[in-house]
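These are my notebook entries from going through the structure, kept in the order in which I looked things up.

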Amino acid sequence: MDFDLSERSERWRKDLLAFFEKAVLPRHRAWLDHVRAHSDTPPFIAELQQQARAAGLWNLGLPVLADDEPGTRLSNLDYAPLAEIMGRLFWAPEVFNCQAPDVPNMIALQACATAEQKKRWLAPLLNAETRSAFGMTEPDVASSDATNIATRMVRDGDHYIINGRKWFITGAAHPRCSFLIVMGVTDAGAERTSRHSCIIVPMDTPGVRRVRRLRWMGCEDHTAPIGELVFDNVRVPAENLLGAEGEGFKVAQIRLGPARIHHCMRSIGLCELLIELMMARAAERSAFGRTVIQYDTVQRWIAEARVELEQARLLAWRCAWRLDQAGHHGAWRDVSLIKVAVPAMLQKIADRAMQVFGAMGGSDDTPIHQALAWGRLLRIGDGPDEVHLRQIFRMEPMPEWSIANSPYLAAHPA
């Protein structure tokens, strides 16, 4: 396996980095000032999106696009280093229409939607004319086992009637979120993985009520605000069903693979920034007669962060390569591996960075506490560590020999 970037990927990486440094990064302080005082998207985001699209830096995370759909058609492996660049700022992916949860939703719509559904729901997402969400997690059940999802979707003639409660829905509290894909039970008597279906629900449908905007560990997601929703006798046309009835898990899995790997790719870029911040802070601060960077402990923290980061990057790139070669069914083990490894790495590196920065690391002046919270959230979201570790264990082959007859061990006397 060759980990060298393709010429195409390297060209896009250079173009994206140049645009990021020239157009995006200089607006970061203005973005911070805006979100401190307002809950909406800064107005200059639309301007940056127009510039990015004009530069061809648009829909970078969608490997498969129709001829009339805008985007670069980069492979997952080619996209990985670009996602790292965007990951340096929490809001940067939105500039390039590469933000969650919209990209995974686009992938689900590409794979499962009808032509009419694509025209109505996918096209506006591809053109950044709207925002979306995916309603899966529920407060009253252990959603780590997705078969527990209890929201009911009952067929009534040409409609489905939805009743239930969803929370921690990324993007559901965004003022421009016009629809969400809801997963619920359509046949409680079917097999465990055939009970659920996914359906597209416009946010303005009667009975859809936003209970509240949620924060995580005190941090706000300004790009895709988290929401809690109640569905009270929500009547949706049956033609909004995404895929066939009973295929809710298929739809969810199609979007979850890319969602998980994109989160990990961006987290690696965030960790690169954290290492840079540690280096600069430690070099500029003195304690007990020496700069902080001269202490063995700090040098070790930074060196260990580099080791962990390079390991995580190799895992992520291999996962992207497998996803390109074998599709999401052939890359599940690798997706689980990075889903466990990368958030743990992000937490460790963010914690070290906070220690180097001291009190400043826990303030809104740096992205460190958000990075720490984000790493902790990733250990729960899109499947908690325990679920992925269970999956990894199940795919671990049993040796053909027993302890008694292992050729690697000394023979026991008769």
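**Entry 1: Glu94 and Arg131**

I looked up Glu94 and found it buried, with a relative accessible area of 4%, in a model that is predicted. Its salt-bridge partner is Arg131, and the closest N and O atoms of the two are 3.2 Å apart. I noted that the pair links distant parts of the chain, since Glu94 belongs to helix H5 and Arg131 to strand S1 (residues 131–135), 37 residues apart. Arg131 is buried as well, at a relative accessible area of 3%; both values, 4% for Glu94 and 3% for Arg131, fall under the 20% cut-off, which is why I wrote "buried" for each of them.

**Entry 2: Thr223**

I then asked which residues Thr223 is in contact with, leaving aside its neighbours within four places in sequence. I listed Phe90, Trp91, Glu94, Gln99, Arg131 and His174, so that both members of the pair in my previous entry are included. Thr223 sits in the loop between strand S6 (208–214) and strand S7 (226–237), and I recorded it as buried, with a relative accessible area of 9%.

**Entry 3: other salt bridges**

I went on to the salt bridges of the model, for which the count comes to 24. One of them joins Glu276 to Arg88, with the closest N and O atoms 2.7 Å apart. Glu276 lies in helix H8 (residues 248–284) and Arg88 in the loop between H4 and helix H5 (92–95), so this pair ties together parts that are 188 residues apart in sequence. Are these two residues buried, partly exposed or exposed? I noted Glu276 as partly exposed at 41% relative accessibility, and Arg88 as partly exposed at 22%.

I also looked up Asp385, which forms a salt bridge with Arg379, the closest N and O atoms being 2.7 Å apart. Here Asp385 counts as buried at 7% relative accessibility, whereas Arg379 is partly exposed, with a relative accessible area of 25%.

Finally for this entry, I wrote down a network of salt bridges that links Glu84, Glu272, Arg306, Glu310 and Arg313.

**Entry 4: helices H4 and H9**

Two packed helices are described by the angle between their axes and the distance between the axes. For helix H4 (residues 76–86) and helix H9 (residues 296–330) I noted axes that come within 8 Å and cross at roughly 145 degrees. On the H4 side, the residues that meet H9 are Asn76, Leu77, Ala80, Pro81 and Glu84, and on the H9 side I listed Arg313, Trp317, Ala320, Trp321, Leu323 and Asp324. Sorted by class, this contact of H4 with H9 has seven nonpolar, one polar and three charged residues.

**Entry 5: backbone details**

Most residues other than glycine have a negative phi, and most peptide bonds are trans. I therefore looked for departures from this pattern. Ala100 and Pro101 are joined by a cis peptide bond, with omega about 0 degrees, and Pro101 has its place in the loop between H5 and helix H6 (102–112). Asn233, in strand S7, has a positive phi near 50 degrees. Phe288 has a positive phi too, near 55 degrees; I found Phe288 in the loop between strand S9 (286–287) and strand S10 (290–291), and exposed, with a relative accessible area of 82%.

Where is Ala150 found? I located it in the loop between S1 and strand S2 (152–156), where it is partly exposed, with a relative accessible area of 39%. Not counting residues up to four places away in sequence, Ala150 touches Glu138, Val141 and Val185. Its C-alpha atom is separated by 39 Å from that of Asp67, which is 83 residues away along the chain.

Key: Residues numbered from 1 in each chain as written. Predicted model: local features only at pLDDT ≥ 70, side-chain atom pairs only at ≥ 80, totals over all residues. Heavy atoms only, no water. Helix = DSSP H or I, 4+ residues; strand = E, 2+ residues; numbered from the N terminus. Buried < 20%, exposed > 50% of the residue type's maximum accessible area, 1.4 Å probe, protein only. Contact = heavy atoms within 4.5 Å. Axes fitted to C-alpha atoms, helices over the stretch in contact; angles between N-to-C directions. Nonpolar A, V, L, I, M, F, W, Y, C, P; charged D, E, K, R; others polar. Salt bridge = Lys/Arg side-chain N within 4 Å of Asp/Glu carboxyl O.
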